[in-house]
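These are my notebook entries on a structure that I had not examined before. I set down what I looked up, topic by topic.

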Amino acid sequence: MRYVSFRRPDGTPSFGRIEGETIVELATDAVPSLKAALTDGSLSGLADGASYAAADVVLLPVIPDPAKILCVGLNYAEHVKETGREQKAHPAVFVRYADSLIADGQPMVKPAVTERFDYEGELALVIGKPAHKVAAADAWDYVAGYAAFNDGSARDWQRHNIQFTPGKTFPGTGGFGPALVTPDEIDDLAALRVQTRLNGELVQDQPVSDMIWDIPMVIEYVTAFTPLSPGDVIATGTPGGVGDKRTPPLYMKAGDKVEVTIGTIGTLSNRIIDEQ
């Protein structure tokens, strides 16, 4: 299944299932959001509601209001190499905030305080049930599904000190979409390629199998220090090829189009605009 959060033509937030060019609404008064459906375990049993043409609704981030967004840094060897960093024994983890998220098709906002606005295409996963101290061997049971993610980064703010967070969570900089794709839709997750295109040029392209810490290991590590709830998001890291490490550097600017494609999971597409 493929699920989206969206606004109805009247502006009301809702969620539903994608069927071709149609969105079948699943929201009810008792279960008004995709996160709520994951929380109470009702997603697979919800009755179909109204149908909308996809062109008539406005997509929202897959989960518009996750309680926690955890991002894994330096999780592909090529990216570690291009940054000149030493590969550590444990993942780098930083946070984003929900107001940094944008949906597929929405503008990605270049912060006014940076000229070093960079792309980072990533595979994101959504937690499907309460997860705390989960063993890697059991981790797949906690994944509700996947989406594409663009961890838009203000590189100068990222490096003001040793922490990443200031450069990673400006409002409107984190693309997340277009849909939550359930695991049964994916034949071989590890074989899918994380590909980023800037104005049509392929700038990142590596398979999920190149991760240093795979998804079960990431879930085990993260849930060892913080409990996760249904609807929480983990962005699993970006491949090599980021703009900041190219010669000359390649940063995003107003008018650019950035796309993150992950095989059958789909393509997340956003235009860059300047902060007003």
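Predicted model: local features only at pLDDT ≥ 70, side-chain atom pairs only at ≥ 80, totals over all residues.

The entries below go through strands, rings, single residues and backbone geometry.

**Entry 1. The open sheet.** I looked up an open sheet of 5 strands and found the order E9-E19-E18-E15-E16, with mixed pairing. Strand E9 (108–110) and strand E16 (201–207) stand at its edges; each has a single partner strand, so one side of each has no neighbour in the sheet. From one strand to the next, the twist averages 20°.

**Entry 2. Strand E12 and its partners.** How many residues of E12 are buried? I found that 9 of its 9 residues are buried. Strand E11 (residues 121–127) pairs with E12 in the antiparallel sense over 7 bridges, and leucine 123 has alanine 148 in E12 as its bridge partner. E12 also runs antiparallel to E14, to which 5 bridges join it. There I recorded tyrosine 146 opposite valine 181 in E14.

**Entry 3. Aromatic rings.** I counted 5 aromatic pairs. One of them is formed by phenylalanine 149 and phenylalanine 176; it is tilted, with 5.7 Å centre to centre and 55° between the planes. This pair links distant parts of the chain, since phenylalanine 149 is in strand E12 (residues 143–151) and phenylalanine 176 is in strand E14 (residues 174–181), 27 residues apart. Both phenylalanine 149 and phenylalanine 176 are buried. I also found the charged end of lysine 129 over the ring of tyrosine 142, at 4.8 Å from its centre.

**Entry 4. Aspartate 65.** Is aspartate 65 buried or partly exposed? Its relative accessibility of 39% makes it partly exposed. Aspartate 65 is in the loop between strand E5 (58–59) and strand E6 (69–73). Leaving aside neighbours within four places in sequence, I find it in contact with Lys35 and Ala98. Leucine 34 is 31 residues from aspartate 65 in sequence, and their C-alpha atoms are 10.0 Å apart.

**Entry 5. Backbone geometry.** As background, most residues other than glycine have a negative phi, and most peptide bonds are trans. I found a cis peptide bond between glycine 177 and proline 178, with omega about 0°; proline 178 lies in strand E14. Another cis peptide bond joins threonine 247 and proline 248, with omega about -5°. Proline 248 is in the loop between strand E17 (233–235) and strand E18 (257–262).

I then looked up positive phi values. Leucine 74, which is not a glycine, has a phi of about 55°. Leucine 74 is in the loop between E6 and helix H2 (77–83), and is buried, with a relative accessible area of 16%. Asparagine 199 also has a positive phi, near 55°. It is in the loop between strand E15 (193–198) and E16, and counts as partly exposed at 45% relative accessibility.

Notes
Residues numbered from 1 in each chain as written. Heavy atoms only, no water. Phe/Tyr/Trp six-rings, centres within 6.5 Å; stacked < 30°, edge-to-face > 60°. Helix = DSSP H or I, 4+ residues; strand = E, 2+ residues; numbered from the N terminus. Buried < 20%, exposed > 50% of the residue type's maximum accessible area, 1.4 Å probe, protein only. Lys NZ or Arg CZ within 6 Å of the ring centre and 35° of its normal. Pairing = 2+ DSSP bridges. Axes fitted to C-alpha atoms, helices over the stretch in contact; angles between N-to-C directions. Contact = heavy atoms within 4.5 Å.
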